[in-house]
Amino acid sequence: MRPVISLLTLTLGLSSALALAAPKVVLPDYSDWVLYHTSDRGSVIEDMYAPKELIDAMKSTDTFPYGARIVLVEYFADSGSKAGVRRYIVMQKEKGWGADYAPNLRNGEWEYQAYHGNKVPFTDSEDPVSRCLSCHMSAKANDYVYSLDELRAYAR
């Protein structure tokens, strides 16, 4: 009987550890979201998606509401065509988020999470957010979102 208890304890412990390691920002089902911008960066092509409700809300404000989520799907590029998903990046704004970062990296109340092309989240050892944080600092005037103008243009 003792091996069964040990196996059960091991299984519960592993499940708890996996639950704790789950990313804060989850890759949503964005299949009914709006593709509001595509950017060809040479080696990659990026599609940016937002829920219609977010696009509508941004018609009259400069600040993204809490609960705002944007999904960037980054494809490998092959002669200007999409050639498979390289990664997904999700940014999400919630009250109090971002407080864990140093002031020189904090992007207001935004958090980010990168996912591999197979939708498995990047691990902490793969550093899923520091590049996002440092890059988006220069978009502070647009509430840390580079594609704010494109999102608004789509809304009009």
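C135 is partly exposed, with a relative accessible area of 41%, where partly exposed is the range between buried, under 20% relative accessible area, and exposed, over 50%, computed with a 1.4 Å probe on protein chains only. The model I am showing is a predicted one, in which local features need pLDDT of at least 70 and side-chain atom pairs count only at pLDDT 80 or more, whereas totals for chains, interfaces and linings use all residues. Residues are numbered from 1 along each chain as its sequence is written, and side-chain values use heavy atoms, with hydrogens and water left out.

Let me stay with the cysteines for a moment. A disulfide is a covalent bond between the sulfur atoms of two cysteines, and the rule applied here asks for a pair of cysteine sulfur atoms within 2.5 Å. By that rule the count is zero disulfides. C135 is in no disulfide, and its nearest cysteine sulfur, that of C132, lies 8.0 Å away. C132, for its part, counts as buried at 12% relative accessibility.

Now to the charged side chains. How many salt bridges are there, if we require a side-chain nitrogen of Lys or Arg within 4 Å of a carboxyl oxygen of Asp or Glu? The count comes to eight, and I will walk through some of them.

One of them joins the side chains of K24 and E111, at 3.5 Å from N to O. This pair links distant parts of the chain, 87 residues apart, since K24 sits in the loop between helix 1 (2-20) and strand 1 (34-40), while E111 belongs to strand 5 (residues 110-116). When I speak of helices (H or I, at least four residues) and strands (E, at least two), I mean DSSP runs, numbered from the N terminus.

Another salt bridge is formed by K93 and D143, whose side chains meet at 2.9 Å, N to O. This pair, too, links distant parts of the chain, with K93 in strand 4 (residues 81-93) and D143 in the loop between helix 3 (130-136) and helix 4 (148-155), 50 residues apart. Here K93 is buried at 5% relative accessibility, and D143 is buried as well, with a relative accessible area of 11%.

A salt bridge also forms between D56 and K52, with the closest N and O atoms 2.8 Å apart. Both residues lie in helix 2 (residues 52-57), four residues apart, which is about one turn of the helix. D56 is partly exposed at 32% relative accessible area, and K52 is partly exposed at 43%. Through shared partners, salt bridges join K52, D56 and K59 into one network.

Let us turn to the strands, where two strands are said to pair if DSSP finds at least two bridges between them. Strand 3 (residues 69-78) and strand 4 pair in the antiparallel sense over nine bridges, and one example is V73, whose bridge partner in strand 4 is Y88. The two strands form a hairpin with two residues between them, and S79 in the turn has a positive phi of about 55°. Strand 4 also pairs with strand 5 in the antiparallel sense, over seven bridges; M91 has Y112 of strand 5 as its bridge partner, and I89 stands opposite A114 in strand 5. Strand 5 is mostly covered, with six of its seven residues buried.

Finally, which residues of helix 4 are buried? They are L148, L151, R152 and A155. These residues are on the same side of helix 4, because they cover an arc of only 95° around the axis, the arc being that of the directions from the helix axis to the C-beta atoms. They pack against strand 1, strand 2 (44-50) and helix 2, with contact meaning heavy atoms within 4.5 Å.

Not counting residues up to four places away in sequence, R152 touches M58, T61 and D62. The side chain of R152 reaches the backbone oxygen of T61 at 2.6 Å.

Terms used
A polar contact is a pair of N or O atoms within 3.5 Å; within protein, one must be able to donate a hydrogen and the other to accept it, and residues adjacent in sequence count only if both atoms are side-chain atoms.
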